[in-house]
Amino acid sequence: MPLPFSVISTTSEDVLEGNDSDEEHETFDINWISAKNYSFPQSMVLELEEESLVSSVKITVHKDYPPSSLTVSLGIPSNHFRNSRGKSYNADYSVRQELSFRDDFHVEYGQRHPKATVFLNSPAKFVR
């Protein structure tokens, strides 16, 4: 079941909410295209409404602008800051998985853009 989230930071301001493609709409998705000629690595941080068990993260990349690699990290507020509202910059991001575009992404039948699913099964308050 998708978890409610909000985008709390990106390395560029080009965040497009919703999905304007002809593909099937999902309730919890975000489209983000970084500015052209922007330095790498790019980053987006999502904050979940509450700390939750994240079993998987589904990622779709644009067919014309695939990344060579991608890292998905789950963050939980560090113990020192757990009593106050946790911040993404002081969270523990030790649970992560790296993806290679060539090895991990595939195009599903009838879809235009490559997709990958990262299976993590770990608690998180932030996804980066």
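Guide: One term to start: contact means heavy atoms within 4.5 Å. With that in hand, and leaving aside neighbours within four places in sequence, Val-57 is in contact with Val-72, Ala-116, Thr-117, Val-118, Leu-120 and Val-127.

Visitor: What kind of model is it, and how are residues numbered?
Guide: This is a predicted model, where local features need pLDDT of at least 70, side-chain atom pairs count only at pLDDT 80 or more, and totals for chains, interfaces and linings use all residues. Residues are numbered from 1 along each chain as its sequence is written, and side-chain values use heavy atoms, with hydrogens and water left out.

Visitor: How many helices and strands are there?
Guide: The protein has one helix and seven strands. Both are DSSP runs numbered from the N terminus: helices are H or I with at least four residues, strands are E with at least two. Along the sequence the pattern reads β-β-β-β-β-β-α-β.

Visitor: What order do the strands take in the open sheet?
Guide: The five strands of this open sheet come in the order 1-4-7-5-6, and the pairing is antiparallel. Two strands pair if DSSP finds at least two bridges between them.

Visitor: Which strands stand at the edges?
Guide: Strand 1 (5-10) and strand 6 (91-100). Each has a single partner strand, so one side of each lacks a neighbour in the sheet. On average, neighbouring strands of this sheet are turned by 30° against each other, direction ignored. That uses lines fitted to C-alpha atoms as axes (for helices, over the stretch in contact), with angles from 0 to 180 degrees between N-to-C directions.

Visitor: How many bridges join strand 1 and strand 4?
Guide: Five, and strand 4 covers residues 44-60. Ser-9 stands opposite Val-45 in strand 4.

Visitor: New topic. Is Lys-125 buried or exposed?
Guide: Lys-125 counts as buried because its relative accessibility is 14%. The cut-offs: buried is under 20% relative accessible area, exposed is over 50%, and partly exposed is in between (1.4 Å probe, protein chains only).

Visitor: Where is Lys-125, and what does its side chain reach?
Guide: Lys-125 sits in strand 7 (residues 115-127). Its side chain reaches the backbone oxygen of Leu-48 at 2.8 Å. The side chain of Lys-125 also reaches the backbone oxygen of Glu-49 at 3.1 Å. A polar contact is a pair of N or O atoms within 3.5 Å; within protein, one must be able to donate a hydrogen and the other to accept it, and residues adjacent in sequence count only if both atoms are side-chain atoms.

Visitor: What about His-113?
Guide: His-113 lies in the loop between helix 1 (101-104) and strand 7. Its relative accessible area is 10%, so His-113 is buried. The side chain of His-113 reaches the backbone nitrogen of Lys-63 at 3.0 Å.

Visitor: Back to Val-57. Which residues touch the most other members of the largest nonpolar core?
Guide: Val-57, Ile-59 and Val-72, in a core of 16 residues. A nonpolar core is a set of buried Ala, Val, Leu, Ile, Met, Phe, Trp, Tyr and Cys residues joined through side-chain atoms within 4.5 Å.

Visitor: Which strand gives the most to this core?
Guide: Strand 4, with six residues.

Visitor: And how much of the whole protein is buried?
Guide: Of its 128 residues, 30% count as buried.
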